[in-house]
Number of protein chains: 4
Amino acid sequence: MQSARRLASTDLRIARTRTALHDAFLALLVETPFEQLTVKAVTARAKTGYATFFRHYHGLDQLLADVAAEEIDQLLAQTIPVFDTADSLRSCEALCDYVAGKHSLWRSLLTGGAWPRVREEFVAKAHDLVPAMERPESRIPPSLAVVFATSAVLDILAWWLRDASDRPPSEIAAYINTLAVSPVV
Amino acid sequence: MQSARRLASTDLRIARTRTALHDAFLALLVETPFEQLTVKAVTARAKTGYATFFRHYHGLDQLLADVAAEEIDQLLAQTIPVFDTADSLRSCEALCDYVAGKHSLWRSLLTGGAWPRVREEFVAKAHDLVPAMERPESRIPPSLAVVFATSAVLDILAWWLRDASDRPPSEIAAYINTLAVSPVV
Amino acid sequence: MQSARRLASTDLRIARTRTALHDAFLALLVETPFEQLTVKAVTARAKTGYATFFRHYHGLDQLLADVAAEEIDQLLAQTIPVFDTADSLRSCEALCDYVAGKHSLWRSLLTGGAWPRVREEFVAKAHDLVPAMERPESRIPPSLAVVFATSAVLDILAWWLRDASDRPPSEIAAYINTLAVSPVV
Amino acid sequence: MQSARRLASTDLRIARTRTALHDAFLALLVETPFEQLTVKAVTARAKTGYATFFRHYHGLDQLLADVAAEEIDQLLAQTIPVFDTADSLRSCEALCDYVAGKHSLWRSLLTGGAWPRVREEFVAKAHDLVPAMERPESRIPPSLAVVFATSAVLDILAWWLRDASDRPPSEIAAYINTLAVSPVV
DNA sequence: CTCTAATCGAGACGGTACGTCGCGTCTTACG
DNA sequence: CGTAAGACGCGACGTACCGTCTCGATTAGAG
């Protein structure tokens, strides 16, 4: 139960239950803002006993973290090179294409009540990666640069997914490049 | 209760109660993240009856909005000219000086659980002011510009108040100017 | 305020207010069971300020007692001779005719939530009158006789007003005479 | 929760909780008039969570009905033959002996605020049993006979338990026979 | 016919109980 | 004999009503 993820449980039932909760959670997240989700609703949707939930997660926050973590890892993996590459615009486009492919998932994560937590996790993970890409010549403190850049990227993506889903990824990529990337590199 | 603020109720008791709730709320916000506040705690601190709270506000959200609204108005009044003035850096410094003067209040509003709501309100109000300063020549959609700029300003201020309170306002002003203002003007 | 009734207040306003409350109370009692009445409802109906109610009565119970007391006195005045007279049947008919004349009032008092209190008051007042009509030859203890007879009279009247309002007073009088009067004299 | 009783839940905890509430309720009923009982008091006495009460009953009324129903059934089973038997006096004595055996319980039910409800339930149940014992030759309408007889029995019992507990059951039986039974058969 | 006190309306307030909801724990019955 | 179902303790919520209180604004009835 403790760390919930990884530990690659050998028990098939455990994997089954987790998948069910995982999927039910994501499905509900699309219909309902995160703060209004209840354990009961998730377990009902997952056709799982109420108490069972707590055998796998400490609470909805952890389930969110669990679900979001891997998505965040992947998004982050797309985001980091943006700040490292010579051709940052191209990287931005790759990033936006990636998000466009998981449109509804990321809209749930970025435009609802889940988003402060997602942002926090995203920023925290980004921080861990920063030492690897020291950029001492900049006049901006690294910790601020990380916060600013990641927040800006997420803000722009959130704006896209919520208010402007009809615009092409390439356009968004240009905005990200202009507003979030250029100022810090 | 209706609109909660204004309408300047002529009854002294009402003003007294509201002030008490207002102050108690702010005092608790410094010690406790917003999401963990309870009506009971606020009314206890305000030395007010529990039910009385609901005679004035529909819930803690509305109290937060009520408390934050006027602060936001003032901060916004400092922020807008930043994007309009010839000497934007000087305006940024004025903004940072203003925030430094209300250090602990704004730290509560920007670094705790209240901040998503504050940001939302801030962005919404900023949106209402944007038409007044049309900037058609920009290649960034106005609604994105508003979201990006206000979010960036708040992010930078939040970083300052939470992680770097020892830095002088002028330095922060420079960051704001570089990261949030320049890219959109 | 204290004893509420009598004291023949010289102030017209007081009399006016009391009458208004009195009437509003009776009017509501017809529509609503006593236990569901609220002070607010009574004062609203009486077009009177909420606090004004408490300037005249300690609570709804007292208002009920106040309203009921005089009615009970009158009913009791009709009831007592029933047990004293040679021709008890005729007295019973007088009693029933009297009740028939205040049909809706007594239905409210006897068939709703007010009835336990009315009964209690009725029995208590009857008790006070019993010494005057000692009937030592009976095998039934006087205190029981009073309780039984008054309760029985009220029960029969309540049954009439609630379930059999179409029957003539004379028929009810016969029942009262047979069931409540004869057994105790 | 639904029908509250019966359906013999197989879960021990449920039975345990209901018994606790049941007992606590009866214990409090001895000390306190029914209308002044609170759910809080009952649950406190039952050492049970407040909300748990509502998982079993809709309110105190239902709990009273629940508790009283079985007692009423038993008392009624003793009462009915009184009106059917050749030797009604002997039946009355059986009835009084039975009540004497549950003295404190019935005093709580009949002499406090619970009694109007108990009476109502008692009368209602008696009504359901009446068709079985048609007595067409009587000149008293059956529905009145039921109301009168059951009310009279309860009134006499209540008088006994409240004001004359020292009298022997046989004496009370005589009163019941004289006042409540004879007039209707 | 005025002046002065009492009464009035309005409704805020502290308090208490209600009935509901969700959480996280822990017992139970069942497979 | 372990696991899924769900009862439980807890505590916050928002509502309703009570009875008290403080305000002016009237309005009687005594001088």
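Student: Which residues on the other side of α7(D) are exposed?
Tutor: This is a predicted model, in which local features need pLDDT of at least 70 and side-chain atom pairs count only at pLDDT 80 or more, while totals for chains, interfaces and linings use all residues. Residues are numbered from 1 along each chain as its sequence is written, and chains are lettered from A and ligands numbered from 1 in the order in which they are written. A residue is exposed if 12 or fewer other C-beta atoms, placed from the backbone, lie within 10 Å of its own, buried if there are 20 or more, and partly exposed in between. On the other side of α7(D), the exposed residues are E120(D), A124(D) and D128(D).

Student: How many degrees of arc do the buried residues of α7(D) cover around the axis?
Tutor: The buried residues in α7(D) are V118(D), R119(D), F122(D) and A126(D). They lie on the same side of α7(D), because their arc, taken from the directions from the helix axis to the C-beta atoms, is only 95 degrees.

Student: Which helices are among those that cover the buried residues of α7(D)?
Tutor: Helices here are DSSP runs of H or I with at least four residues, strands are runs of E with at least two, and both are numbered from the N terminus. Contact requires C-beta atoms, placed from the backbone, to lie within 7 Å. The cover of the buried residues of α7(D) includes, from chain D, α4 (60-79), α6 (103-111) and α8 (142-163).

Student: How far apart are the end C-alpha atoms of α7 of chain D?
Tutor: The expected span of a helix is 1.5 Å times one less than its number of residues. The 15 residues of α7 (residues 115-129) of chain D should therefore span 21 Å, and this agrees with the separation of its end C-alpha atoms, which is 21 Å.

Student: Which helix gives the most residues to the side of chain C that touches chain D?
Tutor: Chain C and chain D each bring 16 residues to their contact. On the chain C side, two or more residues come from each of α8 (142-163) and α9 (169-181) of chain C. With ten residues, the helix that gives the most is α8(C).

Student: Which residues touch the most other members of the largest nonpolar core?
Tutor: A nonpolar core is a set of buried Ala, Val, Leu, Ile, Met, Phe, Trp, Tyr and Cys residues joined through C-beta atoms within 7 Å. The largest such core has 105 residues, and those that touch the most other members are I156(C), L157(C), I176(C), I156(D), L157(D) and I176(D).

Student: Where in chain C is K47(C) found?
Tutor: Most residues other than glycine have a negative phi. K47(C), although not a glycine, has a positive phi of about 50 degrees. K47(C) is exposed, with 8 other C-beta atoms within 10 Å. Its place is the loop between α2 (39-45) and α3 (50-56) of chain C.

How values were computed:
Two residues are in contact if their C-beta atoms, placed from the backbone, lie within 7 Å.
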